[in-house]
Amino acid sequence: VLTDATADLAMALTLMVTRRLGEGERLIRSREPWKWGMFMMLGTGLQGRRLGIVGMGAIGEAFAHRAKAFGMSIAYHNRRAVDAVTERRLDAELVGFDELLETCDVVSLNCPYTDATHHLIDAPALDRMRPDAYLVNTARGPIVDEAALVDALTSGSIAGAALDVFEHEPEVHPGLVELDNAVLVPHLGSATEETRSAMAELAARNAIEVLAGRSPVTPI
């Protein structure tokens, strides 16, 4: 029930970080004098860029559909290939993790958080990314080593990052807060009225089924 809302947010975060929209809004709100200029606050377009999706589940696939509409090509890393129909429809390419990091303009984390994915994005992983690449995380905070990310963003090892989730949520690494090339939002992936209502209704339906002695709608 939260697939579309989270995929929408991943697309929004990608646009925010590549077009420097957070910086632009902060400039307006600061009330500092400004005027339009030919080279003012230049960002990066998405057309012709390569999106790398780590974890091609329902949310990853939904994000890929949105990114394709923006003219991006799709690479993905997953435990197994998606079905051939989906792969053809997205023109998506299954690649190794290192290749994804090294070749993609935007790296999006859409994988579950497990022991295997703890700090999946650490200092060596960030070093493999391109200096003009962006990291987007709408999955789980501890997948990213935030201290290493601060170092990468500060040094220019990568161009920017957009995060909806944090390693020690609700705390955020203070270094991230100081960086203009970091977009930070407070876990809003499923935060639409429609999605939260659907989540509550699904939870209630599960409870009703179990109390009635039947199987839950969405067993785990």
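Here is a stop-by-stop tour, with something to select at each stop.

Before clicking anything, keep in mind that this is a predicted model.

**Stop 1: the sheet**

Color the strands first. Seven of them form an open sheet, and its order is β3-β2-β1-β4-β5-β6-β7, with parallel pairing. Select 92–94 to find β3, one of the edge strands; the other is β7, and each of the two pairs on one side only. From one strand to the next, the twist averages 15°.

**Stop 2: strand β4**

Now select 106–109, which is β4. Which residues sit on each side of this strand, and are they buried or exposed? Val106 and Ser108 are on one side, Val107 and Leu109 are on the other, and all of them are buried, with both faces of β4 covered. In general, side chains in a regular strand alternate between the two faces of the sheet.

Select 50–54 for β1, which pairs with β4 in the parallel sense over four bridges. Leu51 has Val106 as its bridge partner in β4, and Ile53 stands opposite Ser108. Then select 134–137 for β5, which also pairs with β4 in the parallel sense over four bridges. Here, look for Leu135 of β5 opposite Val107.

**Stop 3: helices on the sheet**

Select 73–77 to show β2, then bring in α3: this helix packs on the sheet and touches β1, β2 and β4. The direction of α3 makes about 175° with that of β1. For another helix, select 146–155. That is α7, packed on the sheet and touching β5, β6 and β7, with a direction about 140° from that of β6.

**Stop 4: where α1 meets α3**

Select 3–18 (α1) together with 58–69 (α3). The two helices pack at an angle of about 50°, and their axes are 8 Å apart. The crossing is right-handed.

Show side chains for the contact: on α1, pick Thr3, Asp4, Thr6, Ala7, Asp8, Ala10, Met11 and Thr14; on α3, pick Ala58, Ile59, Ala62, Phe63, Arg66 and Ala67. Together these residues divide into eight nonpolar, three polar and three charged.

**Stop 5: helix α2**

Select 21–29 for α2. Which residues of this helix are buried? They are Gly22, Glu23, Gly24 and Leu27, and their cover includes α1. Move on past the helix to Arg31, which has a positive phi, near 65°.

**Stop 6**

Most residues other than glycine have a negative phi, and most peptide bonds are trans. A few spots here are worth a click.

- Met41, in the loop between α2 and β1, has a positive phi near 50°. Met41 is partly exposed, because its relative accessibility is 27%.
- His187, in the loop between β7 (182–184) and α9 (193–211), has a positive phi near 55°. With a relative accessibility of 33%, His187 is partly exposed too.
- Glu169 and Pro170 are joined by a cis peptide bond, with omega about 10°. To find Pro170, go to the loop between β6 (160–163) and α8 (174–177).

Methods
Residues numbered from 1 in each chain as written. Predicted model: local features only at pLDDT ≥ 70, side-chain atom pairs only at ≥ 80, totals over all residues. Heavy atoms only, no water. Axes fitted to C-alpha atoms, helices over the stretch in contact; angles between N-to-C directions. Left-handed = near helix turned anticlockwise from the far one by under 90°. Contact = heavy atoms within 4.5 Å. Nonpolar A, V, L, I, M, F, W, Y, C, P; charged D, E, K, R; others polar. Buried < 20%, exposed > 50% of the residue type's maximum accessible area, 1.4 Å probe, protein only. Pairing = 2+ DSSP bridges.
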